[in-house]
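Open your viewer and keep the selection tool handy.

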Amino acid sequence: MKKTAGIVAIAAGLAMLALPTLAQAQILAGITLEKLGALDLRGAGARPFAMGGAYTALSDDAFGLMYNPAGLAEVTRRELTVGLHFRRDDITNVNDFLAEHSSDNTSLDHAAVVYPYPTFRGSMVLAFGVFRVGSSSFESIKNALLSESSAAVTNIFKQSGDIYNYDLGIGFDISPRIAAGLTLVLWDENIDFSDEIDQADPDSTLFFTDDVSINLDGFSFNVGLLFRPSDATRIGLAFTSPAWLNYAGEGITNLSGDFTAGGGFTTEPVRARIDDDYTLPMKFTGGASARISQLLLSADVGFSDYSQTKFNGSVITDELDPADESVLKAKWDVHAGAELALPWFPMYLRGGFSYVPLPIATVEELAFLSQDAPVSRVASFDMTKERRFWTVGIGGLIDRVLSLDAALSFGGYEKVTRDLAGATVFSEKRDIAEFIVSGSYRF
């Protein structure tokens, strides 16, 4: 299952790979956290998106609530902003068969208000906003053969939901060259998903469904500092606290079957309550920006140790091989962006790049049925293409008080699991395209 001689391999014997779901509570908790979108928080806003998320040393608008609340101190006019977000996922899974599927999701990107409070000296700015920081909406199909039973298995997973943060923050000047800020963050998401297993062998066909509705609630906070060495340069530092999250809801499972020789069965639906707590780790981000004539450049570096993620009070570990690497791991993010102000027209051209590796080290290759119970086959994987995104955008002023911005982001990743001989057992490729459009009114 784990790395052997530098190769990601699946351990010999189905007993090591296909354990009942309950026995894999920790491993599947990490995989579930990824599916729910909590490990893919890319923020919001057309301008930050277009600049690759390199916004810690900027944040001079409502999006400072997310990236660096100290940047709010740079806001000089009242601001109302709202935006829409479109995302498309193209997922290709190859187990024994090729399975391709696409899913689209359109949602509110953000709605926020910023109010500079009059002071005798320096600056103090209050802000409130609702931001879509992540998405759980996608559909996936996996097909494979079970060599031990000659059964063909199809997994169909459908999920919908968007992670929203309700942010209340303040930014203020400590001195002419230093600003600080604080944001209180409330988390909210309603998630619906269905997980289907269709399994057919020469003697019978089995159908298993798991329909779940979950509500996410939680809180965290952001603290930021902004240094202004000169009028053209900024240095930003941001700290994001651990996020204390609760997933609560209900699931209903159904199992039925047909026999080749005739007849069939249907079991009574089984209902189960879900009430799980997750604690996401803290994150540290540093960034710098510089303005050179009409060109603005910015860059960010962030670090978060996801191996410290907790599930129901305990750090998520690998029950199958506790001495080896964790289910989740530490990761560094890198973001870079540029904004060019056109000299002859109040318009901005933007571009950016972000490198955001997956913090999970384990993948669920297949779910199937053994003795009429759901079972998961899991393994560690190699990244053949780390998760990265390229972004472009445009923005402009209309009548001095209204600005319109748009951003397009495209990227994705590829990963594979291999057996002891180095042959590919399972591969997954995901291409992600996102489009954001927003308008801001400043007065």
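Start by selecting Tyr278: is Tyr278 buried or exposed? Tyr278 is buried, at a relative accessible area of 3% (buried is under 20%, exposed over 50% and partly exposed in between, with a 1.4 Å probe and protein chains only). Before you go on, note that this is a predicted model, where local features need pLDDT of at least 70 and side-chain atom pairs count only at pLDDT 80 or more, while totals for chains, interfaces and linings use all residues. Residues are numbered from 1 along each chain as its sequence is written, and side-chain values use heavy atoms, leaving out hydrogens and water.

**Aromatic pairs**

There are 13 aromatic pairs in the structure. Rings of Phe, Tyr and Trp (its six-membered ring) pair if their centres lie within 6.5 Å; planes under 30 degrees apart are stacked, over 60 edge-to-face, and the rest tilted.

Select Tyr55 and Tyr67 next: their ring centres are 5.4 Å apart and their planes meet at 65°, so this pair is edge-to-face. Tyr55 sits in the loop between helix H3 (46–50) and helix H4 (64–67), and Tyr67 in helix H4, so the pair ties together parts 12 residues apart in sequence. Helices (H or I, at least four residues) and strands (E, at least two) are DSSP runs numbered from the N terminus. Tyr55 is buried at 0% relative accessible area, and Tyr67 is also buried, at 15%.

Tyr278 is in strand E15 (residues 270–280) and Phe311 in strand E18 (residues 310–311), 33 residues apart.

**A cluster with charges**

Select Phe138, Phe157 and Phe193, which form one aromatic cluster. Show Lys35 over the face of Phe157, 4.5 Å from the ring centre, and Arg430, whose charged end sits over the ring of Phe138 at 4.8 Å from its centre. A charge sits over a ring if NZ of Lys or CZ of Arg is within 6 Å of the ring centre and within 35 degrees of the ring normal.

**Into the cavities**

A cavity here is a set of points on a 1 Å grid over the protein atoms alone where a 1.4 Å probe fits but cannot get out; lining residues have an atom within 4 Å of a point. Select Glu34, Lys35, Phe138, Glu428 and Arg430: of the 34 residues lining the second largest cavity, these are the closest to its centre. E22 gives the most to that lining, with six residues.

Finally, select Leu41, Arg42, Gly43, Thr240 and Lys283, which lie nearest the centre of the largest cavity, lined by 42 residues.

Terms used. 1 Å grid on protein atoms, 1.4 Å probe; cavity = no way out; pocket = protein on both sides within 12 Å on 5 of 7 lines; lining within 4 Å.
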